[in-house]
Amino acid sequence: FNVEEFVPERMKVTASTAKPGYSIDDSVPVGVDAKYLFGGSADGSSVEITCRLEPTTFKPKENANYAYGVWRDQGEKAKTVTLGQVTGTLDEKGHADIECPPLEGGGGFLGAARLVADVAVFEAGSGRSTNGQAFAPVHPEAFYIGLLAGGKAEKGKPVKVDGVVVDWDGKISAN
């Protein structure tokens with residue numbers, strides 16, 4: 001026999017990033033908005049953001065038939081990298097802009113990544129938090145190299161391989 005107390009959410013939290021993509025060397029600004037659902041102001045509430053990079057695949061809308069990214073042996077998984085935790089305070093409108101730090105040294109992460117910003121806004125006085133998340137693609141370079149094999153590889157026979165250099169949208173680079 002269990003007795004549980006349920007307290008409904010009292011606050012709504014949204015988090016977002018400004019641009020559709022960032023370089024691995026960039027700090028990523030995360031906009032946080034919070035408001036109480038039943039009146040009151042979130043002004044002065046503490047905000048805590050935990051930032052991490054998760055490996056992902058690069059799949060642009062254009063030239064999607066090419067293969068991009070880092071080859072990994074079967075069963076090998078790329079590791080998630082924690083960037084750190086940052087804090088801030090909401091202004092009188094219930095908003096804060098807080099930056100996730102860049103990857104230290106700007107390197108060491110191979111391939112495309114996704115920034116995940118776990119946001120917690122703390123209710124004044126109670127210590128209770130309401131959570132939200134923001135996501136943004138993070139790119140290791142200003143371009144990607146895509147390869148397309150023209151058939152199955154067989155011993156002793158040539159295989160045609162086409163390649164393209166594309167930007168973050170998948171558009172072929174003029175350079």
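Which residues line the largest cavity? The lining consists of S23, I24, D26, V28, L53, L83, P101, P102, L103, L115 and V138.

## Basis of the model

This is a predicted model, in which local features need pLDDT of at least 70 and side-chain atom pairs count only at pLDDT 80 or more, while totals for chains, interfaces and linings use all residues. Residues are numbered from 1 along each chain as its sequence is written, and side-chain values use heavy atoms, with hydrogens and water left out.

## The cavity

Rolling a probe the size of a water molecule over the atoms shows where empty space is left. A cavity is here a set of points, on a 1 Å grid over the protein atoms alone, where a 1.4 Å probe fits but cannot get out, and its lining residues have an atom within 4 Å of a point. A search of the whole structure finds one cavity of 30 Å³ or more, and the volume of the largest cavity is about 50 Å³, a volume being the space filled by probe spheres set on the points, which are joined across faces, edges and corners.

The lining of the largest cavity divides into nine nonpolar residues, one polar and one charged. In this division Ala, Val, Leu, Ile, Met, Phe, Trp, Tyr, Cys and Pro count as nonpolar, Asp, Glu, Lys and Arg as charged, and the others, Gly among them, as polar.

## The aromatic cluster

Two aromatic pairs are found in a search of the whole structure. Rings of Phe, Tyr and Trp (its six-membered ring) pair if their centres lie within 6.5 Å, and planes under 30 degrees apart count as stacked, over 60 as edge-to-face and the rest as tilted. The ring centres of F58 and Y68 are 5.1 Å apart and their planes stand at 90°, so this pair is edge-to-face. Because F58 lies in the loop between β4 and β5 (67-68) and Y68 in strand β5, the pair ties together parts that are 10 residues apart in sequence; strands are DSSP runs (E, at least two residues), numbered from the N terminus.

F58 counts as buried at 9% relative accessibility, and Y68 is buried with a relative accessible area of 12%, where buried means under 20% relative accessible area, exposed over 50% and partly exposed in between (1.4 Å probe, protein chains only). The rings of F58 and Y144 have centres 3.7 Å apart and planes at 5°, so the pair is stacked. With F58 in the loop between β4 and β5 and Y144 in strand β10 (residues 144-149), this pair ties together parts that are 86 residues apart in sequence. F58, Y68 and Y144 form one aromatic cluster.

E54, found in strand β4 (residues 46-55), counts as buried at 18% relative accessibility. Its side chain makes a polar contact of 3.1 Å with the side chain of R52; a polar contact is a pair of N or O atoms within 3.5 Å, and within protein one must be able to donate a hydrogen and the other to accept it, with residues adjacent in sequence counting only if both atoms are side-chain atoms. Not counting residues up to four places away in sequence, E54 touches residues including T80, F109 and R114, contact meaning heavy atoms within 4.5 Å.

F109 has its place in the loop between β7 (95-100) and β8 (113-122) and is buried, with a relative accessible area of 9%. Among the residues that F109 touches, leaving out those up to four places away in sequence, are I24, L53, E54 and L103.

E123 lies in the loop between β8 and β9 (129-139) and counts as buried at 6% relative accessibility. The side chains of E123 and R10 are joined by a polar contact of 2.9 Å, and R10 is also one of the residues in contact with E123 when neighbours within four places in sequence are left aside, together with M11, Y36, R128 and T130.

D162, in strand β11 (residues 161-166), counts as partly exposed at 31% relative accessibility. Leaving aside neighbours within four places in sequence, D162 is in contact with Y66, G146, L147 and L148.

Note on methods
Helix = DSSP H or I, 4+ residues; strand = E, 2+ residues; numbered from the N terminus. 1 Å grid on protein atoms, 1.4 Å probe; cavity = no way out; pocket = protein on both sides within 12 Å on 5 of 7 lines; lining within 4 Å.
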